[in-house]
Amino acid sequence: MIKFVGSFETVKSLPRTQFAEYAFVGRSNVGKSSLINAVVGAPVARTSNTPGRTQSLNLFNIDDRIMIVDLPGYGYARVSRTDAMRWLERLEEYLTTRRQLKRLFILIDSRIGPRDADLDLMDFCDAHAIGYQIIYTKKDKRIREASQTQICHTDHGAMVPEILETSAEKKTGIDKVRAVIGIK
């Protein structure tokens with residue numbers, strides 16, 4: 001059973017639960033909401049063609065044992081610099097204070113590869129020992145940039161070695177993400 005818990009503007013307003021949290025984050029327009037919907041098997045996260053629609057911390061309860069956290073995107077949305085900085089500060093606060101966070105999934109568009117904002121987030125997680133796993137999205141689409149930066153887990157101390165490849169549209173790789181989270 002999937003239940004929308006709520007949208008929260010601050011980390012302090014998040015409910016205190018004993019449930020393990022699995023958070024999804026990535027650049028705006030990376031396909032985060034579509035991937036969350038594919039993973040949970042229901043249209044719970046709002047999707048849009050306009051980057052930056054997710055602006056709150058959105059929580060979804062799965063079977064009263066797991067929380068899925070849909071974090072705001074970064075790096076592309078047309079928002080003010082003030083809003084972008086506020087989102088970044090909130091993300092850093094969430095990552096450094098939320099003890100029930102079991103895994104952060106950093107989503108990267110496979111057609112484009114990692115950008116500076118992705119690499120900066122990875123470095124932040126490495127520096128703060130926040131475990132994360134890379135998920136390449138949109139694997140069913142044609143690669144747009146031939147000279148992509150390659151990510152190697154040996155360069156990132158907090159990174160899970162296995163990089164997952166997914167397509168929410170074709171349902172490719174979804175079972176692997178579910179297995180990591182513990183969703184059947």
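In which sense do strand E3 (residues 57-62) and strand E4 (residues 66-70) pair, and over how many bridges? E3 and E4 are antiparallel and share five bridges; two strands count as paired if DSSP finds at least two bridges between them. Helices (H or I, at least four residues) and strands (E, at least two) are DSSP runs, numbered from the N terminus.

This is a predicted model, in which local features need pLDDT of at least 70 and side-chain atom pairs count only at pLDDT 80 or more, while totals for chains, interfaces and linings use all residues. Residues are numbered from 1 along each chain as its sequence is written, and side-chain values use heavy atoms, with hydrogens and water left out.

The open sheet has seven strands in the order E1-E3-E4-E2-E5-E6-E7, with mixed pairing. Strand E1 (2-8) and strand E7 (164-165) are its edges, each pairing on one side only.

| Strand pair | Sense | Bridges |
|---|---|---|
| E3 and E4 | antiparallel | five bridges |
| E2 and E4 | parallel | five bridges |
| E2 and E5 | parallel | six bridges |

Asp70 in E4 is the bridge partner of Asn58 and also stands opposite Phe24. Glu21 has Leu101 in E5 as its bridge partner.

In E2, seven of seven residues are buried (under 20% relative accessible area; exposed is over 50%, partly exposed in between; 1.4 Å probe, protein chains only). Ala20, Tyr22, Phe24 and Gly26 point one way, and Glu21, Ala23 and Val25 the other.
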